[in-house]
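Work through the exercises below with the sequence and the 3D structure open beside you. Try each task before reading its solution.

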There are 2 protein chains.
Amino acid sequence: MDARTAYAELVRLLRERAVLASVSSLLSWDEETVMPRGGTAHRARQHAAIAGLVHERISTPVVGDLLGRIEPLCLTEVENANVRLIRRLHDRARKIPRSLVEKIASTVTLAQDAWRNARREARFATFEPWLEQVVRLKRDEAKALGTPVLYDALLDEFEPGFTCAQLDAVFVPLEREIQRVLSRRNRAPLGRAPLRRRVAAEAQQAFALETIRAMGFDLERGRVDPATHPSTIGVGPGDVRITTRVAEDDCTETLFCALHEFGHWLYETNLPGELWGQPAGEAISLGLHESQSRLFENQIGRGRPFWTWCFPRIRKAFSPALDDVSLDDMLRAVTHVEPSPIRTAADEVTYNLHVFVRYRLERALLEADLPIADLPAAWDEAYEKTLGVAPRNDAEGCLQDGHWSAGMFGYFPTYALGNVVAAQLYAAAEQASPRLDDAIARGEFVALTSWLRDNLHARGSTLPLASRLEAAAGTALHIEAYGAYLKGRYSS
Amino acid sequence: MDARTAYAELVRLLRERAVLASVSSLLSWDEETVMPRGGTAHRARQHAAIAGLVHERISTPVVGDLLGRIEPLCLTEVENANVRLIRRLHDRARKIPRSLVEKIASTVTLAQDAWRNARREARFATFEPWLEQVVRLKRDEAKALGTPVLYDALLDEFEPGFTCAQLDAVFVPLEREIQRVLSRRNRAPLGRAPLRRRVAAEAQQAFALETIRAMGFDLERGRVDPATHPSTIGVGPGDVRITTRVAEDDCTETLFCALHEFGHWLYETNLPGELWGQPAGEAISLGLHESQSRLFENQIGRGRPFWTWCFPRIRKAFSPALDDVSLDDMLRAVTHVEPSPIRTAADEVTYNLHVFVRYRLERALLEADLPIADLPAAWDEAYEKTLGVAPRNDAEGCLQDGHWSAGMFGYFPTYALGNVVAAQLYAAAEQASPRLDDAIARGEFVALTSWLRDNLHARGSTLPLASRLEAAAGTALHIEAYGAYLKGRYSS
């Protein structure tokens, strides 16, 4: 087999893997939105079967052999990225036994069901044995991957190449910066009160959809459904699905979910279609993905230009709920900063503190410093210390997020990385289109979305995060842009 | 490997196949209900990938080898059924190349999309090239299977062991019988007019759900969703999903869809759970499946006992739409017999004629007697001759059903077989519980559903259709019970 044929075969194999992985995505979407509860046990079997097949296609020695045959080739940028990324995926996968992959896929499906029940009952004990199992399995996975720091092995899945050492280099100064912003923040006398208006779920959903459609969302290439957990799931090219949450006593809840998920949707939808199924055609990392969602949720969604456009529309759509609220009331409410126990309800400043707590705790769980049974107490203590708030029960405490039940250890840090990256990218986008704010105030988003598409989305994974960030924003990862953004908005 | 180990390995392999096949079911349900249109092309790839894997697991020589090693065993009834059914599946599958299986799975996904568009436009030409492709592929499949009569190869997939010769032996006398019933039928002066009341989709859906829940439907083990085509899709044990259609100007449309699909749901839900994934644990055939749905739709749903219970409820639920309708008006309307162009809207007597037309035409398409381009004319001619009605356009003519776009050639005959079998089974159920009618008139269905479960559903496929029918109804397949039923209800 010559080098060219080997490359083609490699791409074919990876595409086959991607098609199977996309089936898992549909299984997950279905679970989150519509699956009858009686289907849970069987869903675990389906996930395990597909996960095993996906793993087989990347861990097989055939991939190593094909990679070896390609070396003589003079590669294009895309081919080069594919080879680099396939090598990485293959090296990871062949260290993990297929049986472990299948066991994790099956266990997390059942664990998520147990977690939902536990959260409903606000009873950690219901979830504890499942968390025990998941942590043990993820520890086995990390050990099989064999990084010196156990957590690094799992972090690497979501943020390729990143380590705890690098995270700490970002998070330690960032935490100081945030505490500084927090201590000097502006105080809105009404807090978030202007948002606490009762608006029916259907009206909130319709307004959120109308808003993201005006920004470019396309129902021919996606859906929006209600779910307990807002998320974006790419089922395949042309089919990227958003879920949003609704709280009838908070009239912007669904809107902010939709803005956030729209960022993810845009990234997935703008990926280079012709490279679908090749690693070079995928999103670079979860951190970059989060930067897209948080850019729309925060840089855009909590800014005056967006609300200049959105405010008359929402007031009309929700009338009379917001009739006595002014644009300035609204802006103060969506930028009100106040430590609180729930991550997904947090303002954008303290949000990062929620992430730091989780990062430290999940690392302790994984590295076995923290016994599972001690998690609720450790959680409450960390919240007291970091945010100065006390959860009233486990549902408001360590049961609030589904990530651990889903086996996603190493995921949380990408949220804070996303915040940092979003600030760098937004600053670059503003430099590229100096009248960006004016356009947004008129409800015109195409300058921004085109810039993101051309500089990030449509580039797939042809470069790693650091280099792509350099190319798009002109600088390496740094916290200065984010610090300046927070200071500008929150302590002016 | 000893015989016992070989058997265990065989069962494991078949279970793996069944898990993958259940993933295809979810892909199909998703397509029918919620998939954004942009997802079609990728969905075709997903179907092809899964179909190939399913095929691989049954066509592999490993299965033949394992079957050979089992021979010395003394088998239980279940084991014996598994061996018989796996042998049959394996012999079929190894004659068909995997590439053909994948090509069919992918083509029918795209063909169904083309068919939906063609039907919307009432334009056969839009669908013609796709039908051409599907017919060619299904012909290749039939040829690979190598039965003397080409159609028999495809019929056998849905009705194992059945041939055209056997079908004709049932259908020819049945058609005579039906024409006789038709010529002597009672005439209701109002026809179906009492049903033509406008009732909102939501109210119809809620009433249909409430009705089948009273009959045993369980939302923890299923769902009901609106779709263009009513169907029942088993995603896995504990997750069997119904779709229903709604027509706001026909107030019993959704109810009858739900009754029909409830029969399918009950069969799937009552299959022996401990045998899930083994052929012995599956439904015997499509004909028997249809007998269950048609029993609830017709024997129950068009009978006086059911309406004695249902009528006050529906009148109240849809008030004032049915305030001026009496129980007898309603009964006459749901048993009104009148030839019409649409199969799914047909009364239960002429329904069979729709099936005979399709059976003859699809056989002619497959065996290449009938050029694809001539289908619309041949269809209209057959309707004129058999039912005495003329479709107004292709949407009302040869584009009305999705089966051919889905590659389901050989499926239609099972509807008429189901009618015949339903009459035999219902007669047997009545003999077993002589006060069945009284119970149903009180809204008590458990005597019937238990009888069906114990005598059919929970038995899986441990016997072939003929023997199961003998065991449950005491007789071989015959048309007398159905003839007596039709005469009793339609020419008394």
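## Exercise 1: The sheet

In chain A, 3 strands form an open sheet with mixed pairing, and their order is 1-3-2. The model is a predicted one.

**Task.** Find which strands of chain A stand at the edges of the sheet, and state why one side of each lacks a neighbour.

**Solution.** 
Step 1. The edge strands of chain A are strand 1 (222-226) and strand 2 (231-236).
Step 2. Each of these has a single partner strand, so one side of each is left without a neighbour in the sheet.
Step 3. From one strand to the next, the twist averages 20°.

**Task.** State in which sense, parallel or antiparallel, strand 2 of chain A pairs with strand 3 of chain A. Then do this for strand 1 and strand 3 of chain A.

**Solution.** 
Step 1. Strand 2 and strand 3 (residues 239-244) of chain A are antiparallel and pair over 5 bridges. Thr232(A) stands opposite Ile242(A) of strand 3, and Gly236(A) has Asp239(A) in strand 3 as its bridge partner.
Step 2. The hairpin of strand 2 and strand 3 of chain A has 2 residues between the strands. In this hairpin, Gly238(A) takes a positive phi near 85°.
Step 3. Strand 1 and strand 3 of chain A pair over 5 bridges in the parallel sense. Here Asp225(A) stands opposite Thr243(A) of strand 3.

## Exercise 2: The faces of a strand

**Task.** Decide whether the residues on the two faces of strand 3 of chain A are covered or uncovered.

**Solution.** 
Step 1. In a regular strand, side chains alternate between the two faces of the sheet.
Step 2. On one side of strand 3 of chain A are Asp239(A), Arg241(A) and Thr243(A); on the other are Val240(A), Ile242(A) and Thr244(A).
Step 3. To count as buried, a residue must have under 20% relative accessible area. By this cut-off, 6 of the 6 residues of strand 3 of chain A are buried, and both faces are covered.

## Exercise 3: Two copies

**Solution.** 
Step 1. Two copies of a chain are related by a rotation about an axis and a shift along it.

**Task.** Describe the contact: how many residues does it take from chain B and from chain A?

**Solution.** 
Step 1. Chain B gives 35 residues and chain A gives 35 residues.
Step 2. About 2,700 Å² is buried between chain B and chain A, and carbon and sulfur atoms give 63% of that area.
Step 3. There are 4 salt bridges between chain B and chain A. Arg43(B) and Asp239(A) meet through their side chains in a salt bridge, at 4.0 Å from N to O. Asp239(A) also belongs to the buried residues of strand 3 of chain A.

## Exercise 4: Salt bridges within a chain

The structure holds 92 salt bridges over all chains.

**Task.** Find where Glu297(A) and Arg294(A) lie.

**Solution.** 
Step 1. Both lie in helix 11 (residues 286-300) of chain A, 3 residues apart, about one turn of the helix.
Step 2. Glu297(A) and Arg294(A) are both buried.

**Task.** Explain why the pair Glu79(B) and Arg4(B) ties together parts of chain B.

**Solution.** 
Step 1. The closest N and O atoms in the salt bridge of Glu79(B) and Arg4(B) are 2.9 Å apart.
Step 2. Glu79(B) is in helix 4 (residues 77-95) of chain B and Arg4(B) is in helix 1 (residues 3-33) of chain B, so the pair ties together parts that are 75 residues apart in sequence.
Step 3. Glu79(B) has a relative accessible area of 11% and is therefore buried. Arg4(B), at 38%, is partly exposed.

**Task.** State whether Arg343(B) and Asp401(B) are buried or exposed.

**Solution.** 
Step 1. The side chains of Arg343(B) and Asp401(B) meet in a salt bridge of 2.8 Å, N to O.
Step 2. Arg343(B) and Asp401(B) are both buried.

Notes
Residues numbered from 1 in each chain as written. Chains lettered and ligands numbered in written order. Predicted model: local features only at pLDDT ≥ 70, side-chain atom pairs only at ≥ 80, totals over all residues. Heavy atoms only, no water. Pairing = 2+ DSSP bridges. Helix = DSSP H or I, 4+ residues; strand = E, 2+ residues; numbered from the N terminus. Axes fitted to C-alpha atoms, helices over the stretch in contact; angles between N-to-C directions. Buried < 20%, exposed > 50% of the residue type's maximum accessible area, 1.4 Å probe, protein only. Contact = heavy atoms within 4.5 Å. Buried area = accessible area lost by both parts, 1.4 Å probe.
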